[in-house]
Amino acid sequence: MLYKELQPADTYMIRLPYSFSDYDRQLLTLFYQPIVGAEAISLYLTFWADGEGKNNDQWTHYHLMNVLGFPVGKIFQARITLEAIGLLRSFKKTENNERAFYYELSAPLDAESFLKDPLLSMFLLNKVGENAYKQLRNRFIQPTKWKEGFSDVSRTFMDVFKPSTKTGNTISNDEQFESKARKSSIPFYYEGFDFALLQDGLSEQLVPKSALTLEAKEVIAKLAFLYKLNPIDMQKVVILALDDELQLSESRIKKACADFYKLTVSKNAPIIQKIVEIKTPALLNTTPLTKEEELIHYLETTAPIDVLKDIANGKEPILADVQLANHFVTHFKMPVGVVNVLLQYVLLRTDMKLTKNYAEKIASHWMRKDVQTAKEAMELARNEHEQYTKWKNEGSKQKTYTKKPTREEKVPDWFYKKDGETKQSGKETNGIQNIDEERRQLLAELGVTKR
């Protein structure tokens with residue numbers, strides 16, 4: 001369940017290990033965005049902007065929901081996508097049942113490293129097409145023809161400097177520092193490839209172990225993943241890739257693997273796609289959603305400020321209502337779906353007035369019941385409707401009035417819904433309707449008994 005991974009009330013801080021430049025922005029937009037999508041890049045750019053404040057500020061993920069306009073589920077999807085592509089590292093700490101995250105942004109690979117990576121280059125080619133791919137390569141990779149006829153006459157450090165006989169200041173090397181070096185590849189863990197099986201079928205005379213360098217192993221593992229080849233297949237690829245000196249270069253391994261794939265599997269290039277998705281139970285069904293399931297999906301994936309706006313027929317909600325909704329999410333740490341059910345229920349029960357004390361009393365009850373989903377909140381509102389009505393009436397008793405028959409008060413549409421069907425609230429009569437009798441019938445249909 002998503003709430004076990006991330007909740008809007010969870011806090012986070014940003015760390016920028018080094019300064020980013022306009023060149024990084026171009027790489028993010030033109031190289032990474034086609035692969036990870038606009039939502040992931042929007043999250044990265046928001047982290048970048050927040051992190052440049054350098055005040056070590058702390059935010060909640062609810063802040064991200066309001067800035068990006070994404071539900072928390074999409075923010076989580078965007079986050080893990082950035083982690084997988086090597087643009088983000090996430091660190092979590094749990095203390096006193098509260099979660100805090102530290103997000104460290106990583107710089108994008110430079111254009112040359114990106115285009116040399118067999119996974120990233122193939123992924124990008126599949127996304128943008130051959131013509132756009134060539135344009136990007138020509139734009140960022142400069143030709144080396146200008147070097148023709150020139151020789152490098154640059155001096156080395158030792159040509160210009162030498163140690164002095166004078167004594168200088170000493171520094172301590174005891175402190176531990178983190179490296180700010182930029183990564184040159186994506187976080188792909190090639191240890192998962194069975195190199196023992198690969199080497200078992202290769203004789204030392206034909207393929208010396210010295211040829212299987214760390215760099216060569218990484219390329220082999222990535223290409224095996226890309227082309228879905230097993231270690232036995234990769235034995236043939238390695239033999240094809242050996243040069244005259246029995247060494248393996250990156251370019252020769254790539255070419256040999258592509259040739260082997262075309263000859264034995266398919267002439268069409270392989271395609272990489274995302275497979276990691278967080279799916280809600282409703283989305284796992286192949287059958288059409290009922291109206292109640294559609295409503296639950298809406299409540300679970302919509303920010304409370306948008307629910308307030310929808311209830312008011314598109315009008316901007318007043319600041320006090322927004323602050324109260326935010327208070328439930330950030331202070332009470334209630335899931336967004338539960339807050340949305342609470343807002344709907346209270347507003348329609350109190351003639352569109354979001355009464356703070358009444359809302360907090362129901363919220364406190366739901367927290368003690370450990371309500372985590374919109375569906376649970378809806379069921380509890382149905383079952384405890386009589387009790388909530390008493391609380392409402394207790395809070396509104398300011399004057400004594402003569403009791404007169406009144407019309408049935410409004411409740412949300414979902415209150416009458418069971419399994420996607422709308423329950424009838426009463427039967428028409430030719431005379432004056434008995435309000436108390438209708439209410440008893442309605443509660444009996446809902447399975448609610450007076451306590």
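Leaving aside its neighbours within four places in sequence, which residues is serine 90 in contact with?

Author: Quick housekeeping before we zoom in. This is a predicted model, where local features need pLDDT of at least 70 and side-chain atom pairs count only at pLDDT 80 or more, while totals for chains, interfaces and linings use all residues. Residues are numbered from 1 along each chain as its sequence is written, and side-chain values use heavy atoms, with hydrogens and water left out.

Now, serine 90 sits in strand β3, residues 88-95 (strands are DSSP runs of E, at least two residues, numbered from the N terminus). Beyond the neighbours within four places in sequence, serine 90 touches Arg79, Glu83, Tyr102 and Tyr103, where contact means heavy atoms within 4.5 Å.

Take Glu83 from that list: the side chains of serine 90 and glutamate 83 are joined by a polar contact of 2.5 Å. (That term is for a pair of N or O atoms within 3.5 Å; within protein, one must be able to donate a hydrogen and the other to accept it, and residues adjacent in sequence count only if both atoms are side-chain atoms.)

Then there's Arg79. Arginine 79 lies 11 residues from serine 90 along the chain, and their C-alpha atoms are 8.5 Å apart.

As for the surface, serine 90 has a relative accessible area of 28%, so it counts as partly exposed; that class lies between buried, under 20%, and exposed, over 50%, using a 1.4 Å probe and protein chains only.

Definitions and conventions
Helix = DSSP H or I, 4+ residues; strand = E, 2+ residues; numbered from the N terminus.
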